[in-house]
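I have the model open and my notebook beside it. Here is what I looked up, entry by entry.

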Amino acid sequence: MSQVKEKDTVKVHYTGKLASTGQVFDSSLEREPIEFTLGEGTIIPGFETGVLNMKEAEKKTIEIPKEEAYGEVRKDLFQQVGKDQLPEEIKPEVGMGLVSQNPDGTERQLRVAEVNDDHIVVDANHPLAGHDLTFELELVEIKS
């Protein structure tokens with residue numbers, strides 16, 4: 001039976017959990033498995049490494065340290081924004097998601113980290129930054 005190697009395109013079912021609490025943050029079990037090609041950089045490095053050498057129908061659990069996932073929380077990705085810069089209909093609350101448009105037209109996902117009288121603090125870190133992750137994997141298919 002063949003094993004996953006670099007440049008293979010694979011389909012994988014997964015359940016992702018925070019290593020510290022076991023809280024599930026995402027799972028493909030109720031939808032289609034994720035499909036990606038190893039070596040293209042579309043998946044976090046630790047996930048890709050975990051799939052390497054798996055065989056079809058194999059299941060395993062992997063631990064991914066934050067450095068091989070979404071990295072440390074970066075303080076430079078927190079920014080103060082005046083409430084007067086927000087659309088009137090937005091009533092900011094801690095944890096609320098916001099979208100900001102970059103000068104080049106692309107969008108950036110933000111999260112409200114702090115609400116003050118005249119300003120808010122937004123966080124542009126990935127929501128899983130700073131966390132070690134656990135993934136339960138099942139290799140569904142190695143595509144040829």
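I began with polar contacts: I count a pair of N or O atoms within 3.5 Å, where within protein one must be able to donate a hydrogen and the other to accept it, and residues adjacent in sequence count only if both atoms are side-chain atoms. The model is predicted, so I keep in mind that local features need pLDDT of at least 70 and side-chain atom pairs pLDDT 80 or more, while totals for chains, interfaces and linings use all residues. Residues are numbered from 1 along each chain as its sequence is written, and side-chain values use heavy atoms, with hydrogens and water left out.

**Entry: polar contacts**

I looked at Thr37 and found its side chain in a polar contact with the side chain of Thr9, at 2.6 Å. Thr37 lies in strand 3; I take strands (E, at least two residues) and helices (H or I, at least four) as DSSP runs, numbered from the N terminus. Thr37 counts as buried because its relative accessibility is 15%. My cut-offs are under 20% relative accessible area for buried, over 50% for exposed and partly exposed in between, with a 1.4 Å probe and protein chains only.

Next I went to Ser28, in the loop between strand 2 (24–27) and strand 3 (34–37). A polar atom of the Ser28 side chain lies 2.9 Å from the backbone nitrogen of Tyr14. Is Ser28 buried or exposed? Ser28 has 0% relative accessibility, so I noted it as buried.

**Entry: salt bridges**

I asked for each side-chain nitrogen of Lys or Arg within 4 Å of a carboxyl oxygen of Asp or Glu, which is the salt-bridge rule. How many salt bridges does this rule give? The count comes to 6, and I wrote up some of them.

Asp8 and Lys5 meet through their side chains in a salt bridge of 3.3 Å, N to O. Asp8 has a relative accessible area of 10%, so I list it as buried.

Glu136 pairs with Lys17 in a salt bridge whose closest N and O atoms are 2.8 Å apart. This pair links distant parts of the chain, with Glu136 in strand 9 (residues 133–143) and Lys17 in strand 1 (residues 9–18), 119 residues apart. I noted Glu136 as partly exposed because its relative accessible area is 34%, and Lys17 as partly exposed at 21%.

In the salt bridge of Asp123 with Arg111, the closest N and O atoms are 2.5 Å apart. Asp123 is buried at 4% relative accessible area, whereas Arg111 is partly exposed at 33% relative accessibility.

**Entry: positive phi**

Which angle did I note for Lys7? Its phi is near 75 degrees, a positive value in a residue other than glycine. Lys7 sits in the segment before strand 1 and is exposed, with a relative accessible area of 60%.

Ala57 is not a glycine either, and its phi is positive at about 75 degrees. I found Ala57 in the loop between helix 1 (45–51) and strand 4. Ala57 has a relative accessible area of 58%, so I put it down as exposed.

**Entry: Glu72**

Finally I checked Glu72, in the loop between strand 4 (59–64) and strand 5 (78–82). Glu72 counts as partly exposed because its relative accessibility is 46%.
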